[in-house]
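Student: I've got this one up on my screen. Walk me through it, please.

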Amino acid sequence: MFKIEVTGLDALRKELDQFSDRRLNATVATTLTRTAKRLAESWQGQIDKAIDRPTARTARAVSFTGATAAKLEATVFVKDAMPGTSPADYLVHHERSGARLVKKLEKALMSSGGMPSGYVTVPGQHATRDAWG
């Protein structure tokens, strides 16, 4: 999560006496929301560049909540409350260069003794692949 705080509003309000508090707060909220949207688009662009043929879930991993006049706070985040493995869980390994998550098939093979721990599965030479590889 990325946090943006606006300080110095009291000094700005003194300079902008012609604006009402409601109008000034609405203007600041619009600015925060637009900034959050641009930051979310930038994050998503970086994900799209870093991952070859991202799935639809990965292509929509970044979101934001806009500010309101009553709550001058906008939030940009990677979605983490989704069924299955959330983008926040698997994208963290791309960001921090860690080992990827173990897939269900790999867990099953390791628990049955069919594959040693620490190994990963990859498609064979003649395996058919879908649009995401």
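Student: Is Asp 52 buried or exposed?
Tutor: Asp 52 is exposed, because its relative accessible area is 57%. Exposed means over 50%, buried means under 20%, and partly exposed lies in between (1.4 Å probe, protein chains only).

Student: What should I know about the model itself?
Tutor: This is a predicted model: local features need pLDDT of at least 70, side-chain atom pairs count only at pLDDT 80 or more, and totals for chains, interfaces and linings use all residues. Residues are numbered from 1 along each chain as its sequence is written, and side-chain values use heavy atoms, leaving out hydrogens and water.

Student: Which side chain meets Asp 52 in a salt bridge?
Tutor: That of Arg 53, at 3.4 Å, N to O. The cut-off is a side-chain nitrogen of Lys or Arg within 4 Å of a carboxyl oxygen of Asp or Glu. Arg 53 is partly exposed, at 44%.

Student: How many salt bridges turn up in the whole structure?
Tutor: One.

Student: New topic. Where is Thr 58 found?
Tutor: In helix 3, residues 56–59. Helices (H or I, at least four residues) and strands (E, at least two) are DSSP runs, numbered from the N terminus. Thr 58 counts as buried because its relative accessibility is 5%.

Student: What does Thr 58 touch?
Tutor: Gln 44, Ile 47, Ile 51, Tyr 90 and Leu 91, not counting residues up to four places away in sequence. Contact means heavy atoms within 4.5 Å.

Student: What counts as a pocket here?
Tutor: On a 1 Å grid over the protein atoms alone, it is an open set of points where a 1.4 Å probe fits, with protein on both sides within 12 Å along at least five of seven lines; lining residues have an atom within 4 Å of a point.

Student: And the second largest pocket, how much space there?
Tutor: About 500 Å³. It has 17 lining residues, and the closest to its centre are Ile 47, Val 78, Leu 91, Val 92 and Glu 95.

Student: Which helix gives the most to that lining?
Tutor: Helix 4, with seven residues.

Notes:
Grid points are joined across faces, edges and corners, and a volume is the space filled by probe spheres set on the points.
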